[in-house]
Amino acid sequence: MKVLICKSHDAAVERTANMIAAHVRGRSAPVLGLATGGTMLPLYERLAKLHRETDLSFADCSTFNLDEYVGIAPDHPASYHSYMREALFRHVDIDLRRTHLPRGDADDVHVEAESFEARIDAAGGISLQLLGIGQNGHIGFNEPTSSLGSRTRIKTLTESTRTANRQYFGPDETAPRYALTMGVGTILNARECLMLATGSSKAAAVAAMIEGPVSAVCPASALQLHARATVVLDRDAAAGLRLTDYYQHVHPNGEATRFD
Ligand code: PGA
(Lines give C-alpha, C1' and ligand atoms only; values in the text may rest on other atoms or scores of the structure.)
Protein backbone atom coordinates (compact mmCIF):
# COMPACT_ATOMS: atom_id res chain seq x y z
CA MET A 1 0.00 0.00 0.00
CA LYS A 2 1.32 3.42 -0.93
CA VAL A 3 0.82 5.85 1.97
CA LEU A 4 1.06 9.54 1.05
CA ILE A 5 0.99 11.95 3.99
CA CYS A 6 0.44 15.49 2.75
CA LYS A 7 1.24 18.72 4.60
CA SER A 8 -2.34 19.96 4.75
CA HIS A 9 -5.92 19.13 3.92
CA ASP A 10 -5.71 21.19 0.72
CA ALA A 11 -2.50 19.47 -0.34
CA ALA A 12 -4.13 16.03 0.15
CA VAL A 13 -7.13 17.06 -1.94
CA GLU A 14 -4.92 18.51 -4.66
CA ARG A 15 -2.69 15.42 -4.73
CA THR A 16 -5.73 13.14 -5.11
CA ALA A 17 -7.28 15.34 -7.82
CA ASN A 18 -4.02 15.36 -9.77
CA MET A 19 -3.77 11.57 -9.58
CA ILE A 20 -7.32 11.19 -10.90
CA ALA A 21 -6.63 13.75 -13.64
CA ALA A 22 -3.47 11.88 -14.69
CA HIS A 23 -5.43 8.62 -14.78
CA VAL A 24 -8.17 10.15 -16.95
CA ARG A 25 -5.71 11.87 -19.29
CA GLY A 26 -3.68 8.70 -19.70
CA ARG A 27 -6.49 6.45 -20.95
CA SER A 28 -8.83 6.38 -23.91
CA ALA A 29 -11.82 5.05 -21.93
CA PRO A 30 -11.29 5.36 -18.16
CA VAL A 31 -13.80 3.64 -15.90
CA LEU A 32 -13.93 5.51 -12.60
CA GLY A 33 -15.40 4.13 -9.41
CA LEU A 34 -16.72 7.14 -7.49
CA ALA A 35 -17.41 7.83 -3.83
CA THR A 36 -19.62 10.29 -1.96
CA GLY A 37 -19.44 11.91 1.50
CA GLY A 38 -18.13 15.18 2.89
CA THR A 39 -14.48 14.30 2.20
CA MET A 40 -15.09 14.11 -1.54
CA LEU A 41 -16.79 17.52 -1.93
CA PRO A 42 -13.57 19.60 -2.11
CA LEU A 43 -12.06 16.92 -4.36
CA TYR A 44 -14.89 17.14 -6.87
CA GLU A 45 -14.67 20.94 -6.70
CA ARG A 46 -11.00 20.66 -7.59
CA LEU A 47 -11.70 18.28 -10.50
CA ALA A 48 -14.36 20.65 -11.83
CA LYS A 49 -11.80 23.48 -11.65
CA LEU A 50 -9.23 21.38 -13.50
CA HIS A 51 -11.88 20.72 -16.16
CA ARG A 52 -12.66 24.44 -16.45
CA GLU A 53 -9.09 25.64 -16.49
CA THR A 54 -7.12 22.84 -18.17
CA ASP A 55 -7.59 20.22 -20.88
CA LEU A 56 -9.07 17.71 -18.41
CA SER A 57 -12.10 16.13 -20.08
CA PHE A 58 -14.46 13.49 -18.71
CA ALA A 59 -16.13 12.98 -22.10
CA ASP A 60 -14.71 9.48 -22.52
CA CYS A 61 -15.18 8.37 -18.89
CA SER A 62 -17.68 5.89 -17.55
CA THR A 63 -18.42 6.05 -13.83
CA PHE A 64 -19.81 3.67 -11.22
CA ASN A 65 -20.67 4.90 -7.75
CA LEU A 66 -20.07 2.78 -4.70
CA ASP A 67 -23.50 2.98 -3.16
CA GLU A 68 -26.98 4.43 -2.79
CA TYR A 69 -29.62 4.41 -0.05
CA VAL A 70 -32.42 1.88 -0.37
CA GLY A 71 -35.88 3.43 -0.71
CA ILE A 72 -34.53 6.80 -1.83
CA ALA A 73 -35.37 7.95 -5.37
CA PRO A 74 -32.70 9.59 -7.56
CA ASP A 75 -34.37 13.01 -7.30
CA HIS A 76 -34.40 13.00 -3.47
CA PRO A 77 -32.02 15.78 -2.39
CA ALA A 78 -30.12 13.45 -0.03
CA SER A 79 -29.73 10.67 -2.62
CA TYR A 80 -26.26 9.96 -3.93
CA HIS A 81 -27.67 10.50 -7.42
CA SER A 82 -28.37 14.11 -6.38
CA TYR A 83 -25.02 14.40 -4.65
CA MET A 84 -23.13 13.34 -7.78
CA ARG A 85 -25.17 15.63 -10.06
CA GLU A 86 -24.56 18.62 -7.83
CA ALA A 87 -20.97 17.92 -6.78
CA LEU A 88 -19.49 16.82 -10.10
CA PHE A 89 -21.58 15.77 -13.06
CA ARG A 90 -23.20 19.11 -13.83
CA HIS A 91 -19.85 20.88 -13.70
CA VAL A 92 -17.98 18.69 -16.18
CA ASP A 93 -18.42 17.32 -19.71
CA ILE A 94 -19.32 13.78 -18.68
CA ASP A 95 -21.92 11.88 -20.73
CA LEU A 96 -24.65 11.20 -18.15
CA ARG A 97 -25.62 8.00 -19.98
CA ARG A 98 -22.28 6.57 -18.91
CA THR A 99 -22.71 7.43 -15.22
CA HIS A 100 -24.04 4.59 -13.08
CA LEU A 101 -25.32 4.49 -9.52
CA PRO A 102 -27.30 1.64 -8.01
CA ARG A 103 -31.03 2.43 -7.94
CA GLY A 104 -32.05 2.38 -4.30
CA ASP A 105 -35.69 2.65 -5.35
CA ALA A 106 -35.58 -0.46 -7.59
CA ASP A 107 -38.55 -2.82 -7.21
CA ASP A 108 -36.16 -5.68 -6.57
CA VAL A 109 -32.90 -4.56 -4.97
CA HIS A 110 -31.35 -8.01 -5.41
CA VAL A 111 -31.89 -7.90 -9.17
CA GLU A 112 -30.57 -4.31 -9.19
CA ALA A 113 -27.42 -5.43 -7.33
CA GLU A 114 -26.76 -8.19 -9.87
CA SER A 115 -27.38 -5.89 -12.80
CA PHE A 116 -24.98 -3.29 -11.32
CA GLU A 117 -22.21 -5.89 -11.17
CA ALA A 118 -23.03 -6.92 -14.76
CA ARG A 119 -22.82 -3.30 -15.92
CA ILE A 120 -19.36 -2.93 -14.32
CA ASP A 121 -18.23 -6.08 -16.13
CA ALA A 122 -19.71 -4.89 -19.42
CA ALA A 123 -17.72 -1.65 -19.12
CA GLY A 124 -14.53 -3.70 -18.82
CA GLY A 125 -14.16 -3.36 -15.04
CA ILE A 126 -13.22 -0.32 -12.98
CA SER A 127 -9.83 1.16 -13.83
CA LEU A 128 -9.60 3.47 -10.79
CA GLN A 129 -11.74 3.19 -7.68
CA LEU A 130 -11.94 6.29 -5.50
CA LEU A 131 -12.69 5.58 -1.83
CA GLY A 132 -13.40 7.35 1.44
CA ILE A 133 -13.33 5.64 4.81
CA GLY A 134 -15.90 5.69 7.60
CA GLN A 135 -14.92 6.24 11.23
CA ASN A 136 -15.78 2.57 11.73
CA GLY A 137 -13.50 1.46 8.90
CA HIS A 138 -16.20 0.98 6.27
CA ILE A 139 -15.56 1.41 2.55
CA GLY A 140 -18.64 2.02 0.45
CA PHE A 141 -21.34 0.93 2.88
CA ASN A 142 -19.48 -2.25 3.78
CA GLU A 143 -19.93 -2.02 7.50
CA PRO A 144 -17.70 -3.95 9.96
CA THR A 145 -17.98 -7.75 9.54
CA SER A 146 -18.81 -7.41 5.82
CA SER A 147 -17.38 -10.37 3.94
CA LEU A 148 -14.08 -9.47 2.33
CA GLY A 149 -15.31 -11.35 -0.75
CA SER A 150 -18.72 -9.63 -0.89
CA ARG A 151 -20.29 -8.33 -4.11
CA THR A 152 -22.88 -5.59 -4.65
CA ARG A 153 -25.79 -6.23 -2.30
CA ILE A 154 -28.06 -4.73 0.32
CA LYS A 155 -26.43 -3.88 3.67
CA THR A 156 -27.96 -2.77 6.93
CA LEU A 157 -26.27 0.43 8.09
CA THR A 158 -24.83 0.75 11.57
CA GLU A 159 -26.28 3.30 13.95
CA SER A 160 -23.01 5.29 13.80
CA THR A 161 -23.26 5.55 10.01
CA ARG A 162 -26.92 6.58 10.24
CA THR A 163 -26.03 9.21 12.81
CA ALA A 164 -23.19 10.56 10.62
CA ASN A 165 -25.58 10.81 7.64
CA ARG A 166 -28.66 12.13 9.47
CA GLN A 167 -27.54 15.72 8.75
CA TYR A 168 -28.39 15.22 5.04
CA PHE A 169 -32.05 14.38 5.76
CA GLY A 170 -34.87 16.66 6.82
CA PRO A 171 -35.98 16.91 10.48
CA ASP A 172 -39.13 14.89 9.70
CA GLU A 173 -37.31 12.19 7.77
CA THR A 174 -35.77 8.99 9.09
CA ALA A 175 -32.22 8.37 7.88
CA PRO A 176 -32.28 5.24 5.70
CA ARG A 177 -31.61 1.93 7.39
CA TYR A 178 -30.38 0.07 4.28
CA ALA A 179 -28.11 0.75 1.34
CA LEU A 180 -27.09 -0.95 -1.88
CA THR A 181 -23.32 -1.05 -1.95
CA MET A 182 -20.54 -2.52 -4.03
CA GLY A 183 -19.00 -5.34 -2.00
CA VAL A 184 -15.45 -5.44 -0.69
CA GLY A 185 -14.73 -8.04 -3.38
CA THR A 186 -16.16 -5.71 -6.05
CA ILE A 187 -13.85 -2.94 -4.83
CA LEU A 188 -10.82 -5.25 -4.78
CA ASN A 189 -11.49 -6.09 -8.45
CA ALA A 190 -10.74 -2.49 -9.50
CA ARG A 191 -7.38 -2.31 -11.22
CA GLU A 192 -6.32 0.55 -8.95
CA CYS A 193 -7.71 1.90 -5.66
CA LEU A 194 -7.24 5.47 -4.43
CA MET A 195 -8.41 6.49 -0.97
CA LEU A 196 -8.63 10.05 0.36
CA ALA A 197 -9.00 10.44 4.15
CA THR A 198 -8.71 13.73 5.98
CA GLY A 199 -9.26 14.97 9.53
CA SER A 200 -8.61 13.59 12.98
CA SER A 201 -11.96 11.77 13.15
CA LYS A 202 -10.52 9.27 10.63
CA ALA A 203 -7.16 8.69 12.39
CA ALA A 204 -8.13 5.50 14.26
CA ALA A 205 -9.81 3.90 11.22
CA VAL A 206 -6.85 4.83 9.00
CA ALA A 207 -4.37 3.26 11.45
CA ALA A 208 -6.46 0.06 11.64
CA MET A 209 -6.70 -0.07 7.85
CA ILE A 210 -2.98 0.38 7.16
CA GLU A 211 -1.25 -1.14 10.17
CA GLY A 212 -3.84 -3.44 11.70
CA PRO A 213 -4.60 -7.01 10.69
CA VAL A 214 -6.62 -7.73 7.55
CA SER A 215 -9.99 -8.22 9.14
CA ALA A 216 -13.67 -7.92 8.29
CA VAL A 217 -13.98 -5.86 11.47
CA CYS A 218 -12.19 -3.11 9.52
CA PRO A 219 -13.38 -3.68 5.92
CA ALA A 220 -10.94 -1.04 4.59
CA SER A 221 -8.05 -3.27 5.76
CA ALA A 222 -8.89 -5.46 2.73
CA LEU A 223 -6.96 -2.87 0.70
CA GLN A 224 -3.80 -4.49 2.13
CA LEU A 225 -4.59 -7.33 -0.29
CA HIS A 226 -4.74 -5.03 -3.31
CA ALA A 227 -1.64 -4.77 -5.50
CA ARG A 228 -2.20 -1.13 -6.44
CA ALA A 229 -3.75 0.76 -3.53
CA THR A 230 -2.80 4.34 -2.65
CA VAL A 231 -3.97 6.16 0.47
CA VAL A 232 -3.72 9.96 0.52
CA LEU A 233 -3.88 11.51 4.01
CA ASP A 234 -3.49 14.84 5.68
CA ARG A 235 -1.49 14.93 8.91
CA ASP A 236 -4.59 14.74 11.11
CA ALA A 237 -5.83 11.56 9.46
CA ALA A 238 -2.30 10.10 9.67
CA ALA A 239 -1.91 10.89 13.38
CA GLY A 240 -2.57 7.30 14.58
CA LEU A 241 0.07 5.65 12.36
CA ARG A 242 3.19 4.12 13.93
CA LEU A 243 5.40 3.96 10.83
CA THR A 244 5.05 7.60 9.79
CA ASP A 245 8.82 8.08 9.53
CA TYR A 246 8.98 5.33 6.94
CA TYR A 247 6.06 6.67 4.89
CA GLN A 248 7.64 10.15 4.95
CA HIS A 249 11.00 8.68 4.00
CA VAL A 250 9.48 6.92 0.96
CA HIS A 251 7.21 9.81 -0.13
CA PRO A 252 8.27 13.06 1.59
CA ASN A 253 5.10 15.10 2.13
CA GLY A 254 3.27 12.65 -0.11
CA GLU A 255 5.28 13.58 -3.16
CA ALA A 256 6.00 11.17 -5.98
CA THR A 257 9.34 9.37 -6.22
CA ARG A 258 11.17 8.46 -9.39
CA PHE A 259 9.76 4.93 -9.12
CA ASP A 260 6.13 6.07 -9.11
P1 PGA B 1 -17.28 11.26 4.90
O2 PGA B 1 -17.72 9.75 4.62
O3 PGA B 1 -16.40 11.66 3.76
O4 PGA B 1 -18.58 12.02 4.93
O5 PGA B 1 -16.56 11.26 6.20
C6 PGA B 1 -16.77 8.80 4.27
C7 PGA B 1 -17.38 7.43 4.31
O8 PGA B 1 -18.25 7.17 5.17
O9 PGA B 1 -16.99 6.59 3.48
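1. Helices (H or I, at least four residues) and strands (E, at least two) are DSSP runs, numbered from the N terminus. With that in hand, welcome to a short tour. This is a predicted model, in which local features need pLDDT of at least 70 and side-chain atom pairs count only at pLDDT 80 or more, while totals for chains, interfaces and linings use all residues. Residues are numbered from 1 along each chain as its sequence is written, and side-chain values use heavy atoms, with hydrogens and water left out.

2. Let's begin inside one helix. Arg 162 and Glu 159 join their side chains in a salt bridge of 3.0 Å, N to O; the term stands for a side-chain nitrogen of Lys or Arg within 4 Å of a carboxyl oxygen of Asp or Glu. About one helical turn separates the two, because they sit three residues apart in helix H5 (residues 159-165). Arg 162 is buried at 4% relative accessibility, whereas Glu 159 is partly exposed at 45%. Here buried means under 20% relative accessible area, exposed over 50%, and partly exposed in between (1.4 Å probe, protein chains only).

3. How many salt bridges does the structure hold? There are 12. One of them joins the side chains of Asp 55 and Arg 25 at 2.9 Å, N to O. Asp 55 belongs to the loop between helix H2 (40-53) and strand E3 (62-65) and Arg 25 to helix H1 (residues 9-25), so this pair ties together parts 30 residues apart in sequence. Asp 55 is exposed, at 59% relative accessible area, and Arg 25 is partly exposed, at 43%.

4. Another salt bridge brings together the side chains of Arg 228 and Glu 192, at 3.5 Å, N to O. This pair links distant parts of the chain, 36 residues apart: Arg 228 is in the loop between helix H7 (203-211) and strand E10 (229-233), and Glu 192 in the loop between helix H6 (184-188) and strand E9 (193-197).

5. Now take a look at Asp 75, found in the loop between strand E4 (67-69) and helix H3 (80-87). Asp 75 is exposed, with 63% relative accessibility. Not counting residues up to four places away in sequence, Asp 75 touches Ser 82 and Arg 85; contact means heavy atoms within 4.5 Å. The C-alpha atoms of Asp 75 and Arg 85 are 10.0 Å apart, and the two residues are 10 places apart along the chain.

6. Which residues are around the ligand? They are Gly 37, Gly 38, Thr 39, Gly 132, Ile 133, Gly 134, His 138 and Lys 202, each with a heavy atom within 4 Å of it. A polar side-chain atom of His 138 comes to 2.6 Å from a ligand oxygen, and a polar side-chain atom of Lys 202 lies 2.6 Å from a ligand oxygen. Gly 38 uses a polar backbone atom, 2.9 Å from an oxygen of the ligand. These are polar contacts (pairs of N or O atoms within 3.5 Å; within protein, one must be able to donate a hydrogen and the other to accept it, and residues adjacent in sequence count only if both atoms are side-chain atoms).

7. Finally, the inside. The largest nonpolar core has 75 residues, and Tyr 44, Met 209, Leu 233 and Leu 241 have the most contacts inside it. Such a core is a set of buried Ala, Val, Leu, Ile, Met, Phe, Trp, Tyr and Cys residues joined through side-chain atoms within 4.5 Å. H1 gives the largest share of this core, seven residues.
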